[in-house]
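Good morning, and thank you for coming.

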Amino acid sequence: MENSHSNDNEFSQLIPGLPDELGYECLTRLQYTTHCVASRVCHRWRDLIQTSEFHRYRKSKGFTHKLACLVQAQTNPQLASPKRTDSPSFGLVAFDTTDSTWRRIDPVPKYADGLPMFCHVAGCEGKLVVMGGWDPKSYGPVSDVFVFDFAKNRWSEAKAMPGKRSFFAVGSYSGRIYVAGGHDENKNALSSAWVYDVSLDEWSELAQMSQGRDECEGVVLNGEFWVVSGYGTDSQGAFESSAEVYSFASGEWRRVESVWAEGECPRGRVGVWKEKEGKFSNWAELDSAVRIGTCWVGLDYRALVMGSDYQGGAHGFFMVELKQGQKGKLENIIVPCEFSGSVQSACCVEI
């Protein structure tokens with residue numbers, strides 16, 4: 001009986017022979033790529049590795065790293081020249097800068113043949129959140145929200161967005177996803193804003209912006225959610241130079257003028273903040289190689305920038321250094337053929 005009791009205690013430890021505090025530290029230092037295998041060792045390891053608290057602790061200790069997650073047109077390497085009239089289907093791709101590897105993320109079960117067109121993505125607490133867009137078959141707007149948990153390697157359907165909206169601004173901060181602007185089913189520009197708590201699976205309404213902003217772009221900067229440019233219902237395509245800024249601390253909006261080039265579409269193009277000029281840079285103006293279909297995602301002090309130099313041209317993929325609000329030169333990166341499709345939306349997920 002004594003030996004059996006001793007064995008039970010040993011088995012209950014995270015790592016036999018070590019205090020749980022040290023066992024916890026050891027598991028914290030495991031490379032993310034080993035988590036799937038480690039989760040099969042025992043129930044305690046699996047339950048620990050899959051918790052948000054474990055992710056936050058790894059992040060606080062500097063053991064996480066960032067993935068670029070892309071909503072990308074799925075290409076068929078066997079087709080030399082697919083018809084341009086074909087409507088592409090979109091899937092999710094992850095690019096890991098630590099080893100320059102590309103991989104596909106499992107399809108959303110509800111949209112196994114292709115994601116909603118123009119859907120938005122955001123990273124939060126080690127999870128990838130996909131929301132909104134147009135149904136790939138009916139082209140009608142959807143309010144669906146799905147969450148991919150990298151620790152569990154599976155999808156879950158979350159609470160739908162409060163109302164259907166398209167081409168809205170998105171930002172992620174402290175376990176929450178913020179959305180604002182866009183347009184409704186009747187093409188009316190929206191001034192409303194909402195926040196989604198990923199852990200609670202709840203939506204809460206925020207104060208409204210001063211005006212409707214369709215086709216705006218979201219940026220999180222210095223503890224604030226910036227909704228850049230956009231246009232009103234009666235001024236379609238007349239992109240404004242102003243922005244609405246939501247303070248996470250006060251819960252209030254303020255309006256800022258002349259932060260973007262008037263008449264320029266901001267979607268996928270809003271770059272780093274230029275302090276001296278008091279405005280955002282435009283990725284599409286950095287290099288002619290990415291002036292069309294521009295999309296980018298920040299990865300610490302670097303950015304992955306994508307685009308082409310002419311309408312219908314092949315998409316290029318580039319890394320660029322970011323230093324004190326300045327942008328370096330584009331450096332072309334080699335991308336496998338099956339991951340070379342155009343990108344509609346992108347975000348960073350810290351895993």
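This is a predicted model: local features need pLDDT of at least 70, side-chain atom pairs count only at pLDDT 80 or more; totals for chains, interfaces and linings use all residues.

As a general principle, side chains of opposite charge can pair when their charged atoms come close. How many salt bridges does a search of the whole structure find? The search finds 17.

Let us take arginine 56 and glutamate 125, whose side chains meet in a salt bridge with an N to O distance of 3.1 Å. This pair links distant parts of the chain, 69 residues apart: arginine 56 belongs to helix H5 (residues 52-60), while glutamate 125 is in the loop between strand E4 (120-124) and strand E5 (127-131). Arginine 56 is partly exposed, at 41% relative accessibility, and glutamate 125 is partly exposed as well, at 27%.

A second pair is aspartate 300 with lysine 66, where the closest N and O atoms are 2.9 Å apart. Here the partners are 234 residues apart, with aspartate 300 in the loop between strand E18 (292-299) and strand E19 (302-308), and lysine 66 in strand E1 (residues 66-73). Aspartate 300 counts as exposed, at 52% relative accessibility, whereas lysine 66 is partly exposed, at 22%.

The next pair joins two strands. Arginine 176 forms a salt bridge with aspartate 197, at 3.7 Å between the closest N and O atoms. Because arginine 176 lies in strand E9 (residues 176-180) and aspartate 197 in strand E10 (residues 193-197), the pair ties together parts that are 21 residues apart in sequence. Arginine 176 is partly exposed, with a relative accessible area of 34%, but aspartate 197 is buried, at 12%. Salt bridges can also share partners, and in this way Arg213, Glu240, Glu244, Arg255 and Glu257 are joined into one network.

I now come to arginine 165, in the loop between strand E7 (154-157) and strand E8 (169-173).

What, then, surrounds arginine 165? Beyond its close neighbours in sequence, arginine 165 touches Ala180, Gly181, His183, Leu190, Ser192 and Trp194. Its side chain makes a polar contact with the side chain of serine 192, at 2.7 Å.

Thank you for your attention.

Methods: Residues are numbered from 1 along each chain as its sequence is written. Side-chain values use heavy atoms; hydrogens and water are left out. Helices (H or I, at least four residues) and strands (E, at least two) are DSSP runs, numbered from the N terminus. A polar contact is a pair of N or O atoms within 3.5 Å; within protein, one must be able to donate a hydrogen and the other to accept it, and residues adjacent in sequence count only if both atoms are side-chain atoms. Contact means heavy atoms within 4.5 Å. A salt bridge is a side-chain nitrogen of Lys or Arg within 4 Å of a carboxyl oxygen of Asp or Glu. Buried means under 20% relative accessible area, exposed over 50%, partly exposed in between (1.4 Å probe, protein chains only). Lists of a residue's contacts leave out its neighbours within four places in sequence.
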